[in-house]
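Thanks for coming. I will keep to one topic today, the salt bridges. Let me put the sequence and the structure up.

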Amino acid sequence: DYIDEITRDYKQYNMKIVFLGDLSPFSDALKQKIHRVEQMTADMLGITVNVALNYGGRQELVTAAQKIASDAAGGKISPDMVDEALFSSYLSTRGEP
């Protein structure tokens, strides 16, 4: 399948594979496979391959805003702490160029 195909040469290319998007609609077996691939390639530093599955930029922003609001309501952060760096840390694309 596609996941096996993209992971076949990950060591040769020192490739980190990251899956982006809402994975909740997918089967548990597929989610486990995705998680294994991400763990298996996490320490690779050559190139990063982002695989977007069920991903939408607007949805990512809404999800990040909801998490920030929840953390603010729970006292983990205060509203005045919200800046570009903090907001970025709530995105699924955090750490990506």
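A residue is called exposed when its relative accessible area is over 50%, buried when under 20%, and partly exposed in between. Keep in mind that this is a predicted model.

Asp 28 has a relative accessible area of 55%, so by the over 50% cut-off Asp 28 is exposed. Lys 31, at 27%, is partly exposed.

Next, Asp 4 and Lys 33. Their side chains form a salt bridge at 3.2 Å, N to O. This pair connects distant parts of the chain, with Asp 4 in helix H1, residues 2–7, and Lys 33 in helix H2, residues 28–41; the separation is 29 residues. Is Lys 33 buried or exposed? Lys 33 is buried, because its relative accessible area of 19% falls under 20%.

The last pair for today is Arg 8 and Asp 9. They form a salt bridge too, with 3.6 Å between the closest N and O atoms. Arg 8 counts as exposed, with 59% relative accessibility, while Asp 9 is partly exposed at 26%.

That is what I have on these pairs. I can take questions now.

How values were computed:
Residues numbered from 1 in each chain as written. Predicted model: local features only at pLDDT ≥ 70, side-chain atom pairs only at ≥ 80, totals over all residues. Heavy atoms only, no water. Salt bridge = Lys/Arg side-chain N within 4 Å of Asp/Glu carboxyl O. Helix = DSSP H or I, 4+ residues; strand = E, 2+ residues; numbered from the N terminus. Buried < 20%, exposed > 50% of the residue type's maximum accessible area, 1.4 Å probe, protein only.
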